[in-house]
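Dear colleague,

I am handing over the structure below, and my notes on what was found in it follow.

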Amino acid sequence: MLVGKQSWIFQQHPVIAATGVSGGPFEANGHLAEDFDILHDDLWMGQDSYEKAQRVLIEEAIQTVMQKGNIQKEDVQFLIAGDLINQITPTSFAARTAQIPYFGLFGACSTSMEGLALASFMVNYKGAKNVLTGASSHNAATEKQFRYPTEYGGQKPPTAQWTATGAGVALVTDKKNGENLPYTTSATIGKVIDMGLTDPFNMGGAMAPAAADTITAHLKDLQLEPSHYDLIVTGDLARVGRETVLDLLETNGLKMDPNRFLDCGLMLYKEDQPVQAGGSGAGCSAIVLYGHLLNQMKKGIYKRILLVATGALLSPLSFQQGESIPCIAHAVSIEI
Amino acid sequence: MLPMFFWAFVVGGLICVVGQLLFDVAKLTPGHTLSLLVVIGAILDGLGLYEPLVDFAGAGATVPILSFGNSLVHGALQEAEQHGLVGVLTGMFEVTSAGISAAIVFGFLGALMFKPKG
Amino acid sequence: MKIKQLILHVFIIQCLALIVTGCNIPQNQTSKDYMVLLKATNPTPRTVASDSKGEELITDIEKNIEAHKDLYDVAVIKGKKHILVVYKVKHLQRFHMKKIEKEVNEKLEKEYPDENFIVSSDYKIFLEAVRLEEKMKDTNFSEEKADQEFERIIKLKKELT
Amino acid sequence: MGNKKQKKTPEQQQYEQLQQKHETKRPIFKNCLKAFFVGGFICTIGQAISYFYIYFFNFTEQTAGNPTVATMIFLAMLMTGFGFYDRIGQFAGAGSAVPITGFGNAVISAAIEHRTEGFVLGVGGNMFKLAGSVILFGVFAAFVVALIKTLLIMWGVI
């Protein structure tokens, strides 16, 4: 049901029945290693290109989620997923393997919540019984696509971010089997915001206004106070973006508790890992939510969270042509 | 010879500091910075200033990418001395061929031998 | 797979090392000559063909050149047709090497108009001059061989320009 | 490039200021220091290699430049291939980018990166995607400079 200007409320409470999360070697050394279902110690995942490696990550995440959710592919109606690589081929190729009717999404790093919102909407209105949704990224494949060759010795400034290697896929169903499972309650779809920043090594700064806009809209549409949520988590704003968005929200009249305002990009890696400002990438918010955060919720640490995935909608071409970086953010609230 | 090492270190280091300032203060990408330095090298040689620096600092002046512009001009001028204006075109790679051909050959060998580590 | 790659690496590196080192390693080096690059050696002036008049001349030349304030360490060798004059330039003066070379040339031509000079400040030429000088200390080293060596140095120097 | 600044709305400019407050500053002095020492060190190695060629081979101070450059690019290939050069680059910035080894690294890293697209379209087509601009602007600038100088000499100006 539409509430306010741009938000949905899911009265049927679509359930996130199971999740599958895979990651690479760098993530295995990070903070959240125990929340992964599959961890690779080889960045190539046994493939001969990084793009294929990313496909493997998605395939594995899909397999895991179907196993854990105890469901056959015939019973899954749709797969809604995306990534950052050329025309989202890794996801499409994984969908070819999965043989599930497929919506390919591109929302850059906001793909995870865009997918979860759409999946919840479908399930809520009986457009589907079981939907898989997810997002993925691969560090080396993304670097190659957007920046320099991985072996190139260019210096990254401290505002740069490290693209996470990993895929997170969730199974959204209409079954309420009484178990202690998280469910989605509402979603806010953001609009594209461009504050004219052009530095591709400062994504956090570019994406912060989009996050602030979506959070403000969400709270206004649902008439909530920030304290309604135990935790508000942004996707991959990292250090620079997180501080900026807190500042922006305060000017909007929303006082956040910094201890209850986290960022996936900052949670994923340890302090001593060379990630500059923090993690990023389409997979970043997917693996942190579907791995770590839902586990925390099942343990009862958090009851209500709002996840705001942010995406920078640039391409290597657009920034070389001197265009600024348009950004977007989508929010989904999850309760248990 | 020992002072040569010292001055190579100092001059080479200073040229790199110029590059770093172009990165950090002027916020240029590595591609822009290196292209700019090569052009500066070419102009310095045109003014006759680079050769004394090479005499003075040895590898401190020949190893930084500036010297690429310098040797391009050098080759062109040498050839122009003998063959006139056509020499400007034909002599360009006379001196720099080593760097470019080494980069091509070793680049290809590298692609044969290695995979990106990530 | 990994072992195969490793062998390939080692093989290619070996090949390159062979190519690099395989070509023209100079013959019979003397042990002391690396000192040339480290400090002033002040080698004795020599003539390829022994004649006392020539020796007097080159000692004179050496003194004359050494008087230049920007130079140190001068080697002079007289061949049949040319006289090779090699010197080192004080480091801070290396900015003006071209000017100094011109000055030395002019001075030599003015004071010894009858001789043919080859002037260089290149370390390599200096090194070779000292190597030749060392060899010529040995009385068994024939005049012919010395002349050959001398011409080789001259050729090397001419390649420079 | 010129119209980028003009197009910004007041709102965007305001945000830019706010954002800059939170932006982690680049440690310029520290970066310069690192660039100085690593860059200087690479040049010193270059000097040692060129003395090696002068001493053991028939190269003079001027001709030793070519084999020195080739050797340094060879070393850059090994370091790039074994995955060290990008780490040195992150530490040293311009200190490892400005020396000729950085040029080698740009060519070689691109070549290695694109081998998955095949040797012709991948390696061949992308090898110079980073270093190409250096060659282009180097050659063009050298052409202009040499042309001007040659003409000036021909007209007897200098």
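To begin with chain A, the side chains of Lys255(A) and Glu250(A) meet in a salt bridge at 3.9 Å, N to O, a salt bridge being a side-chain nitrogen of Lys or Arg within 4 Å of a carboxyl oxygen of Asp or Glu. Lys255(A) is exposed, with a relative accessible area of 60%, whereas Glu250(A) is partly exposed at 46% (buried is under 20% relative accessible area, exposed over 50%, partly exposed in between, with a 1.4 Å probe and protein chains only).

Please bear in mind that this is a predicted model, in which local features need pLDDT of at least 70 and side-chain atom pairs count only at pLDDT 80 or more, while totals for chains, interfaces and linings use all residues. Residues are numbered from 1 along each chain as its sequence is written, chains are lettered from A and ligands numbered from 1 in the order in which they are written, and side-chain values use heavy atoms, with hydrogens and water left out.

Over all chains, the count comes to 20 salt bridges. Another of them joins Glu143(A) to Lys156(A), with the closest N and O atoms 3.9 Å apart; here Glu143(A) counts as buried at 7% relative accessibility, and Lys156(A) is partly exposed at 24%.

Between chain D and chain B, the count is one salt bridge, in which the side chains of Arg26(D) and Asp24(B) meet at 3.3 Å, N to O. The contact (heavy atoms within 4.5 Å) takes 66 residues from chain D and 69 residues from chain B.

Best regards
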